[in-house]
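Below is a briefing on a predicted model.

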Protein chains: 2
Amino acid sequence: MLFSTATGYALRALAALPEDGTYCLAKDLSSRLGLPGPYLAKILQGLVQADILASVRGPKGGFRLTRPAHRITVGEVVAAMEGPEAMEGCVMGFPSCNGENPCPLHDAWSAVKSQVSSSMTQATIRDLQLMDIRHKKEAKERVPNSPQP
Amino acid sequence: MLFSTATGYALRALAALPEDGTYCLAKDLSSRLGLPGPYLAKILQGLVQADILASVRGPKGGFRLTRPAHRITVGEVVAAMEGPEAMEGCVMGFPSCNGENPCPLHDAWSAVKSQVSSSMTQATIRDLQLMDIRHKKEAKERVPNSPQP
DNA sequence: CGAAAAAAGCATTCCAGAATCCTTTTTCTG
DNA sequence: CAGAAAAAGGATTCTGGAATGCTTTTTTCG
């Protein structure tokens, strides 16, 4: 993966939150997604600091998105998790590599970076939700006699 | 950086080796490049296993490239250092992401991967040497009254 | 009000990659 | 042959991210 595992967990958790703004327990999220509970809780707390999640304590509390899912970009989440200077510097770690004196991968990597970061600012949590819905639906279609509510 | 620090060190060390196949001490390389000595030594030993370097022990020994620098690709070195499955899996770590059910960054990331890996199989250690030479030359031109041999 | 539920906060543990140290083996040279 | 120079190999330490556990604070509800 390109990002840290914590960033991946954050994105997965955000995509798993309900859209209607109801509060959701950290424990529920972690068990539904199969992620380490206390670790995910800490990540969610960080997302509260970044104003991506809101939380209330106590019974009937939990976490919810501060905004509709289509208003939260993947790029925003990545920046909140990894800091703004993710993906800086030479791909191969050459200290002498820069625009004046590019390494052989410099241009390819620059293209990559702008490509990925523009995709990241385009894509929203909503898109991630849709992907998961699509995924579940396909699984259901592979087993046609599954429970029909 | 995209790769591990060890991979970066390996590439830097290879680019710093003389092209004429003379043996070079691990200690010299590390001091010239400012890299941790014993750690670099271990990395070089790994490159010997991968048939990228040859070594002889004892006085007048050291390390040299097994082939001319333009015959060793960056991709080969990366594969030797990181294993063949570097850069596998979803950028964001979504387990459900695949060709059937792509995440929003899937296509951009696939393009990235093929772009970077083709650049890596194109670029050789020679290209890295040239970059360093260019870098030194520019430094010299910025200080015109530098030592003339 | 008091008890339970839940996030918040903090200290601790775990683990892999990074880095160091020491011993062994090989090879050159006087 | 003896001794020194160097890589090879193994054990160990260090460090930061990943993960866990425990205590505190806030909130709801009977």
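DNA strand D is surrounded by 24 residues, the closest being Pro36(A), Pro59(A), Gln45(B), Ser55(B) and Arg57(B); a residue is near a strand if one of its heavy atoms lies within 4 Å of it. Of the atoms of DNA strand D that come within 4 Å of the protein, 71% belong to sugar and phosphate.

In this predicted model, local features need pLDDT of at least 70 and side-chain atom pairs pLDDT 80 or more, while totals for chains, interfaces and linings use all residues; side-chain values use heavy atoms, without hydrogens and water. Residues are numbered from 1 along each chain as its sequence is written, with chains lettered from A and ligands numbered from 1 in the order in which they are written.

**Contacts with DNA strand D**

- Ser55(B) has a polar side-chain atom 2.4 Å from a phosphate oxygen of DNA strand D.
- For Arg57(A), a polar side-chain atom lies 3.0 Å from a sugar or linking oxygen of DNA strand D.
- Two or more residues each come to this surface from α1 (5-16) and α3 (37-49) of chain A, and from α3 (37-49), β1 (53-56) and β2 (62-65) of chain B; helices (H or I, at least four residues) and strands (E, at least two) are DSSP runs, numbered from the N terminus.
- The surface near DNA strand D has twelve nonpolar residues (Ala, Val, Leu, Ile, Met, Phe, Trp, Tyr, Cys and Pro), eight polar (the others, Gly among them) and four charged (Asp, Glu, Lys and Arg).

**Relation of the two chains**

- Chain A superposes on chain B by a rotation of 180° with 0.0 Å of shift along the axis (RMSD 0.1 Å), by least squares on the C-alpha atoms of residues with pLDDT of at least 70 in both.
- The two copies are thus related as by a two-fold rotation axis.
- Val112(A) is the residue of chain A that comes closest to the rotation axis, with its C-alpha at 2.7 Å.

**Aromatic pairs**

- Over all chains there are two aromatic pairs (ring centres within 6.5 Å; planes under 30 degrees apart are stacked, over 60 edge-to-face, the rest tilted).
- Tyr9(A) and Tyr39(A) form an edge-to-face pair, because their ring centres are 5.9 Å apart and their planes at 80°.
- This pair ties together parts 30 residues apart in sequence, since Tyr9(A) lies in helix α1 and Tyr39(A) in helix α3 of chain A.
- Tyr9(A) is buried at 18% relative accessible area, whereas Tyr39(A) is partly exposed at 37% (buried is under 20%, exposed over 50%, partly exposed in between; 1.4 Å probe, protein chains only).
- The rings of Tyr9(B) and Tyr39(B) are also edge-to-face, with centres 6.0 Å apart and planes at 80°.

Conventions. Polar contact = N/O pair within 3.5 Å; in protein donor to acceptor, adjacent residues only side chain to side chain.
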